[in-house]
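Please load the model into your viewer and keep the selection panel at hand. The stops below follow one another as a tour.

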Amino acid sequence: MAKILVTGGLGFIGSHTVVELINSGYEPIIVDDLSNSDPKIMDQLAKIIGYKPPFYKLDLCDEQGTKELAKKEPDIAGIIHFAAFKAVGESVQQPIKYYRNNFYSLLNILNAYDGKPVNFVFSSSCTVYGQPDVLPVTESAPVKTAESPYGNTKQIAEEMLKDMQTAGSSYKVISLRYFNPVGAHSSALIGELPIGVPQNLVPFITQTAIGKREKITVFGDDYSTLDGSCIRDYIHVVDLAKAHVAALKLMEAETFKGYDVFNIGTGTGSSVLEVIRAFEQSTGQKLNYQIGPRRGGDIEQVWGDVNKSKNILKWQTELDLDTMMQSAWEWEKYIAQNPL
Ligand code: WQD
């Protein structure tokens with residue numbers, strides 16, 4: 001079984017990816033500093049997969065610690081690198097915190113395994129496109145000036161990984177540009193665990209429905225979209241997790257060289273009001289919502305062209321918006337009854 005290092009493996013996307021790696025016969029090794037994840041997610045994972053994968057509590061900004069990790073785990077076939085800070089608003093307030101964490105961790109892990117034939121999957125983001133001129137946005141669309149330090153870390157990291165390939169690195173690299181990951185595992189044993197007040201739409205919806213929040217505000221209904229609210233490409237986190245397995249498989253092929261980048265979305269956009277309606281219809285919960293002003297920095301509409309992922313990565317989504325909403329709701333109910 002090929003060993004895969006999963007940095008940030010106890011986080012939202014990381015934990016779902018650990019499950020899919022095991023489903024596909026890989027042996028995940030989890031690295032996480034627990035700065036934005038709960039150690040009890042390991043117990044939850046064990047309930048799904050039947051055992052606790054090897055775990056290292058490590059901040060990858062610790063260069064020496066990361067080198068020691070590479071000595072203890074020399075025989076890995078791949079790295080899936082989730083470990084990074086991801087709150088857009090916070091990155092605007094504290095840019096150095098973001099540049100420091102997201103770059104040091106990436107550089108240290110790359111350095112630690114430099115010279116070895118390792119397949120590297122990088123968590124990138126549709127945020128690199130800003131507001132695209134053409135929709136659906138393709139991977140070859142121009143990368144716009146980043147809207148936040150967080151987005152900038154993704155853009156620069158992609159450039160860096162590409163430069164590494166040009167220089168003949170021992171790594172093969174795939175950057176996955178995620179659209180908006182939502183939903184939870186069908187077991188309802190793992191899901192998103194926002195710290196404090198959720199910034200993202202779906203956790204805010206489920207927390208409102210369960211009564212943790214009084215109501216949800218739709219940030220603007222005067223955009224140039226069909227119903228006036230913003231449009232995003234929401235993707236089920238389990239589909240997203242499977243894209244990482246597909247990326248590893250693609251890099252295992254002799255024919256894959258160097259570096260490539262893929263959009264990871266459904267290829268369809270949904271407006272905020274459509275998401276709210278889907279939540280209400282698929283869960284039977286009435287949502288207390290109001291229309292409010294626009295949120296600063298929001299992009300009007302974005303969804304991905306996923307033809308390259310279908311054709312080359314041999315991956316596409318299977319789960320629809322209703323399943324995303326139902327699974328997010330099941331997880332919210334689970335966590336309300338079984339706080340970690
Ligand atoms: C979605 C829509 C809001 C909350 C996120 C990440 C970003 C990138 C993509 C990773 C927007 C609206 C939200 C609320 C609302 N991912 N909304 N009321 O802004 O697309 O960005 O995914 O790199 O980094 O932050 O996602 O979930 O915050 O918002 O009306 O209470 O929901 O205005 O249109 P966003 P989001």
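At what angle do the axes of helix 7 and helix 9 cross, and within what distance do they come? Select helix 7 (201-210) together with helix 9 (residues 272-283): their axes cross at roughly 40° and come within 11 Å. Axes here are lines fitted to C-alpha atoms, for helices over the stretch in contact, with angles running from 0 to 180 degrees between N-to-C directions; helices (H or I, at least four residues) and strands (E, at least two) are DSSP runs numbered from the N terminus.

Before going on, note that this is a predicted model, in which local features need pLDDT of at least 70 and side-chain atom pairs count only at pLDDT 80 or more, while totals for chains, interfaces and linings use all residues. Residues are numbered from 1 along each chain as its sequence is written, and side-chain values use heavy atoms, with hydrogens and water left out.

The angle makes helix 7 oblique to helix 9, given that angles under 35 degrees count as roughly parallel, over 145 as roughly antiparallel, 65 to 115 as roughly perpendicular and the rest as oblique. Now show the side chains of Leu201, Val202, Ile205, Thr206 and Ala209 in helix 7, which meet Val272, Val275, Ile276 and Phe279 in helix 9, contact meaning heavy atoms within 4.5 Å. By class, this contact has eight nonpolar, one polar and no charged residues, where Ala, Val, Leu, Ile, Met, Phe, Trp, Tyr, Cys and Pro count as nonpolar, Asp, Glu, Lys and Arg as charged, and the others, Gly among them, as polar.

Next, select helix 1 (residues 12-23) and helix 2 (residues 41-49), which pack at an angle of about 30° with their axes 11 Å apart; helix 1 and helix 2 are therefore roughly parallel to each other. On the helix 1 side the contact is made by Ser15, Val18, Val19 and Ile22, and on the helix 2 side by Ile41, Leu45, Ile48 and Ile49. Seven of these residues are nonpolar, one is polar and none is charged.

Zoom in on Leu135 and Pro136, which are joined by a cis peptide bond with omega of about -5°; Pro136 is found in the loop between strand 5 (119-125) and helix 6. Then move to Ala188, in the loop between strand 7 (180-182) and helix 7, where phi is near 60°, a positive value in a residue other than glycine.
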